[in-house]
Amino acid sequence: MIEERLRTLVRHLGATKLAETTAITERQRWQTVATNRKVKARIEDMEELLKAFPQYELWLWKGEVDPTKGQVSPGYEEANSNLPSQNAG
């Protein structure tokens, strides 16, 4: 399940963004991780992704979120991005 969560996260963030923000600068590598299930994700892929986006670590490893500690998932972010601000009004 970790590898599938990694693929989901790469699709969420986008190959171009990952190539621009990680030491793995080949967009094609990130695209392969996102879409080609015949190719195994590497430890290096996960390490670089988490260096750039540490807020996904708990979700990536365990499939859990803890927003009080800044640990979210792509689905959590999307669901909460549409909530009205508590400071509004």
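Contact here means heavy atoms within 4.5 Å. Keep in mind that this is a predicted model, where local features need pLDDT of at least 70, side-chain atom pairs count only at pLDDT 80 or more, and totals for chains, interfaces and linings use all residues. Residues are numbered from 1 along each chain as its sequence is written, and side-chain values use heavy atoms, with hydrogens and water left out.

**Overall layout**

The chain has six helices and zero strands; both are DSSP runs numbered from the N terminus, with helices being H or I of at least four residues and strands being E of at least two. The C-alpha atoms fill a box of roughly 50 × 25 × 20 Å along the principal axes. Of the 89 residues, 33% are buried, where buried means under 20% relative accessible area, exposed means over 50%, and partly exposed lies in between (1.4 Å probe, protein chains only). If you look at contacts between residues at least 6 apart in sequence, 46% of them join residues at least 24 apart.

**The nonpolar core**

A nonpolar core is a set of buried Ala, Val, Leu, Ile, Met, Phe, Trp, Tyr and Cys residues joined through side-chain atoms within 4.5 Å. The largest one here has 19 residues, and Val10, Trp30 and Leu49 touch the most other members. Helix 1 (2-13), helix 2 (15-21), helix 3 (27-35), helix 4 (43-52) and helix 5 (57-62) each supply at least two residues of this core. Helix 1 gives the most, with four residues. Leaving out residues up to four places away in sequence, Val10 touches Ala15, Leu18, Trp30, Val33, Ala34 and Leu49.

**Gln71, a loop residue**

Gln71 is found in the loop between helix 5 and helix 6 (74-81). Is Gln71 buried or exposed? Gln71 counts as buried because its relative accessible area is 15%. Again leaving out residues up to four places away in sequence, Gln71 touches Pro54, Gln55, Tyr56, Glu57, Leu58, Val65 and Asp66.

The Gln71 side chain also makes polar contacts with backbone atoms, listed below. A polar contact is a pair of N or O atoms within 3.5 Å; within protein, one must be able to donate a hydrogen and the other to accept it, and residues adjacent in sequence count only if both atoms are side-chain atoms.

| Side chain | Backbone atom reached | Distance |
|---|---|---|
| Gln71 | oxygen of Pro54 | 3.1 Å |
| Gln71 | nitrogen of Leu58 | 2.7 Å |
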